[in-house]
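Visitor: I have a structure open here and would like a walk through it. Can you take my questions as they come?

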Amino acid sequence: MMVSDEARVVFVHVQKTGGSTIDAYLRAALPDGRGVRTGGAGRHARLRRILKNNPGLAHYWIFGFVRNPWPVCCRGTR
C-alpha cells in the first residue's frame, strides 16, 4: 500500500501479485511515496478499509494488480 500526494495516486498491494516489486519501484519513482493507516490490516488491507481510515484518498487514482486465475484453476484439474 503506497500513496503519493504529489501524483495523487494510491497503489493497493494485492497478495501474490508482485506487489513488493511494484511498491519498491513506485517509492523510487515518487519521492513523496508513503504508507498510510490501514486500521491494523498491514500492507494487504482491503480498499474499503483504507478509504474508511483515509477518506481523502477517495479522489486519488487508485490501482492494483491481480493475477490471472486460470493457471491455478487448471493446475487443480490434473
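Visitor: To start with the strands, what order do they take in the sheet, and what is the pairing?

Guide: This is a predicted model. In it, three strands form an open sheet in the order S1-S2-S3, with mixed pairing.

Visitor: Which strands are at the edges?

Guide: S1 and strand S3 (61–63) are the edge strands, and each of them pairs on one side only. On average, neighbouring strands in this sheet are turned by 10° against each other, direction ignored.

Visitor: In what sense do S2 and S3 pair, and over how many bridges?

Guide: S2 and S3 pair in the parallel sense, over three bridges. As one example, Val10 has Ile62 in S3 as its bridge partner.

Visitor: Back up a bit. How many helices and strands does the chain have?

Guide: The protein chain has three helices and three strands. Along the sequence they follow the pattern β-β-α-α-β-α.

Visitor: Where does H1 lie?

Guide: H1 lies across S1, S2 and S3, and runs at about 150° to S2.

Visitor: Now the inside. What share of the residues is buried?

Guide: Of the 78 residues in the protein chain, 29% are buried.

Visitor: And which residues make up the largest nonpolar core?

Guide: That core has nine residues: Met1, Val3, Val10, Val12, Val36, Ala45, Ile50, Leu57 and Tyr60. There is also a second, separate core of seven residues, with Phe11, Leu26, Leu30 and Phe63 among them.

Visitor: How far apart are Trp61 and Val3?

Guide: In sequence, Trp61 and Val3 are 58 residues apart; in space, their C-alpha atoms are 9.8 Å apart.

Visitor: What about contacts across the chain in general: what share join residues at least 24 apart?

Guide: Counting contacts between residues at least 6 apart in sequence, 59% join residues at least 24 apart.

Visitor: Switching to charges. How many salt bridges are there in the whole structure?

Guide: A search of the whole structure finds two salt bridges. As background, side chains of opposite charge can pair when their charged atoms come close.

Visitor: Which residue meets Asp5 in a salt bridge?

Guide: Arg34 does, at 3.0 Å from N to O. This pair links distant parts of the chain, 29 residues apart. Asp5 is in the loop between strand S1 (2–4) and strand S2 (9–11), while Arg34 is in the loop between helix H1 (19–29) and helix H2 (47–53).

Visitor: How exposed are Asp5 and Arg34?

Guide: Both are partly exposed: Asp5 has a relative accessible area of 34%, and Arg34 has 31%.

Visitor: And which residue does Asp23 form a salt bridge with?

Guide: Asp23 forms a salt bridge with Arg27, and their closest N and O atoms are 2.5 Å apart. Asp23 and Arg27 are four residues apart in helix H1, so about one helical turn separates them.

Visitor: Is Asp23 buried or exposed?

Guide: Asp23 counts as buried, at 10% relative accessibility.

Visitor: Now the loops. Where is Arg8, and what is its phi?

Guide: Arg8 is in the loop between S1 and S2. Its phi is near 55°, a positive value in a residue other than glycine. Most residues other than glycine have a negative phi. Arg8 is partly exposed, with a relative accessible area of 42%.

Visitor: Last one. Where does His13 lie?

Guide: His13 lies in the loop between S2 and H1, and at 5% relative accessibility His13 counts as buried.

Key:
Residues numbered from 1 in each chain as written. Predicted model: local features only at pLDDT ≥ 70, side-chain atom pairs only at ≥ 80, totals over all residues. Heavy atoms only, no water. Core = buried A, V, L, I, M, F, W, Y, C linked by side-chain atoms within 4.5 Å. Buried < 20%, exposed > 50% of the residue type's maximum accessible area, 1.4 Å probe, protein only. Salt bridge = Lys/Arg side-chain N within 4 Å of Asp/Glu carboxyl O. Helix = DSSP H or I, 4+ residues; strand = E, 2+ residues; numbered from the N terminus. Pairing = 2+ DSSP bridges. Axes fitted to C-alpha atoms, helices over the stretch in contact; angles between N-to-C directions. Contact = heavy atoms within 4.5 Å.
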